[in-house]
Amino acid sequence: ILHNNGQPVITAQYDKPLRNLGNIKSDSIIFLKACKNNLYGVVDMNNRTMLPFQYKNIEPTFLVNTIELTTDEGKQLYNMNKKQLALNLFYDKSSVSDRYLYLKRNGLETAVDCKHMQLLFPYKYNSILGLNDNEHFIVTTEGKTAVVNRQDKQLIPYGYDEIKVTNKPNLFIIKKENQYGIVNLKNELVYGMTPYHIEAYNDHIELTDISTWETIKKLDYNLK
């Protein structure tokens, strides 16, 4: 790294080019990803070691002040401001939405509240989908589907082949044995069962004959 006058700030000593770790809120420190002896660490602009050179990789994340550390055991999240792990668990892959961070490990998934860095579930679901109300999730395990809340309580229990959201938070389209229906969060059947395919749209719900794809009926969100 050079000053704009050409004088060195950090002389050539690392295996790979230094990279700025973005999304870190700090008024005084610039954190740089560095590689030495094929291991990664973090240094500042004064070449002081901020994280030791012991990681297989280090990457920025979409989370403020949080980077991803990779070791032989897996990946972990580390908070650069607090100088500690953001979560005390390993994962293999991650994805993020507006509200939740989804972590995958050995074919199982958990969800983390990004705002509070709160782990919501243990690794026990094959997939998790956070709903727009930020309170409920569609989860699957071993081919079974349910709806749970943030406390991991089942509101719509396992037993359906498929559960799909609608634009009304309290209504869910369910499928069982090639029959379709609509249930609420109390798992009460409020429409159906019917052999017609049910699909939700922005302002209505549509029933379709899947053999001809003919629209049989359109319902508003009051199911009228």
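So, the open sheet: three strands in the order S21-S22-S23, paired antiparallel. Strands here are DSSP runs of E with at least two residues, numbered from the N terminus, and two of them pair if DSSP finds at least two bridges between them. S21 (197–200) and S23 (214–219) sit at the edges with a single partner strand each, so one side of each has no neighbour in the sheet. On average, neighbouring strands in this sheet are turned by 25° against each other, direction ignored; the axes are lines fitted to C-alpha atoms. S22, residues 205–209, pairs with S23 over five bridges, antiparallel, and Ile205 stands opposite Leu219 in S23.

Quick caveat: this is a predicted model, where local features need pLDDT of at least 70 and side-chain atom pairs count only at pLDDT 80 or more, while totals for chains, interfaces and linings use all residues. Residues are numbered from 1 along each chain as its sequence is written, and side-chain values use heavy atoms, leaving out hydrogens and water.

Okay, the whole chain. We have 23 strands and zero helices (a helix would be a DSSP run of H or I, at least four residues). The radius of gyration, over C-alpha atoms, is 24 Å, well over the 17 Å from the globule rule (2.2 Å times the number of residues to the power 0.38) for 224 residues, so the chain is more spread out than a compact globule. The C-alpha trace spans about 75 × 35 × 30 Å along its principal axes.

And the cysteines? Cys35 is buried at 2% relative accessibility, and Cys114 is buried at 17%, buried being under 20% relative accessible area with a 1.4 Å probe, protein chains only.

Methods:
Axes are lines fitted to C-alpha atoms, for helices over the stretch in contact, and angles run from 0 to 180 degrees between N-to-C directions. Buried means under 20% relative accessible area, exposed over 50%, partly exposed in between (1.4 Å probe, protein chains only).
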